Amino acid sequence: FPVLLFAALSSTGVLAKEVNLAVTLSKLDAVRTAEKRGDELYVSVTEYNSSASPVNYRIPEYPLHWLSKGPKEITDVLLWANTFKEGEGASVIFSLIEQDTPPWDLDDLIGTIKLKVRNEKGKLKREWVIPHQAGHQVIPENQDSFVLKGNNVEYYMVLKLEEKKDKADFI
């Protein structure tokens, strides 16, 4: 009887462990800017979730942006958070964009980082990829710093992926 009860609880998801994840932008430094006076920056976040429709948003929200040559306010910014049940996962694309003035000048993509995550039996499986570099460069699991390069532009970005015990920890 105990084995049947355990099997019933497992199949209904009662014992399945959810994984709560958050990605924060810990640091963003300009190595070489596109504009002499500095760049206006934002991060575009696109999530392709295995159990929901795709979502796209930008941080900070339009019309706001960060100044690359301003004070170092770009630290510990929550970029993305989600909770995954057993077997669920997502691909999340973080794109650093240099904002320009439409319609005369379109925004410029500086670089992109892709995160693939999956909850496999309550354990987090993750992979960081820089998709636009030769051979879709896979980043070692313990690395969280990235160099993003565009047309004569270069930025150093640190993203921190954390597993949280509770959804309330996302705030």
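This is a predicted model: local features need pLDDT of at least 70, side-chain atom pairs count only at pLDDT 80 or more; totals for chains, interfaces and linings use all residues.

Residues are numbered from 1 along each chain as its sequence is written, and side-chain values use heavy atoms, with hydrogens and water left out.

The average pLDDT (the predictor's confidence in each residue, from 0 to 100) is 83 for the protein, and 79% of the residues score at least 70. Helices (H or I, at least four residues) and strands (E, at least two) are DSSP runs, numbered from the N terminus. Residues 1–13 have a pLDDT below 50, and beyond near neighbours in sequence this stretch makes 4 contacts in the model (heavy atoms within 4.5 Å).

Now the rings. Phe, Tyr and Trp (its six-membered ring) pair if their centres lie within 6.5 Å; planes under 30 degrees apart are stacked, over 60 edge-to-face, and the rest tilted. That gives 3 aromatic pairs. Trp80 and Phe84 sit 6.1 Å apart, centre to centre, with planes at 35°, so they're tilted. Both are buried (under 20% relative accessible area, with exposed over 50% and partly exposed in between; 1.4 Å probe, protein chains only).

Phe94 and Trp128 are tilted as well, at 6.4 Å and 45°. Phe94 belongs to strand E6 (residues 89–98) and Trp128 to strand E8 (residues 123–130), so this pair ties together parts 34 residues apart in sequence. Ring pairs link Phe94, Trp128 and Phe146 into a cluster.

Finally, Arg58 lies over the face of Tyr42, 3.7 Å from the ring centre; the rule asks for NZ of Lys or CZ of Arg within 6 Å of the ring centre and within 35 degrees of the ring normal.
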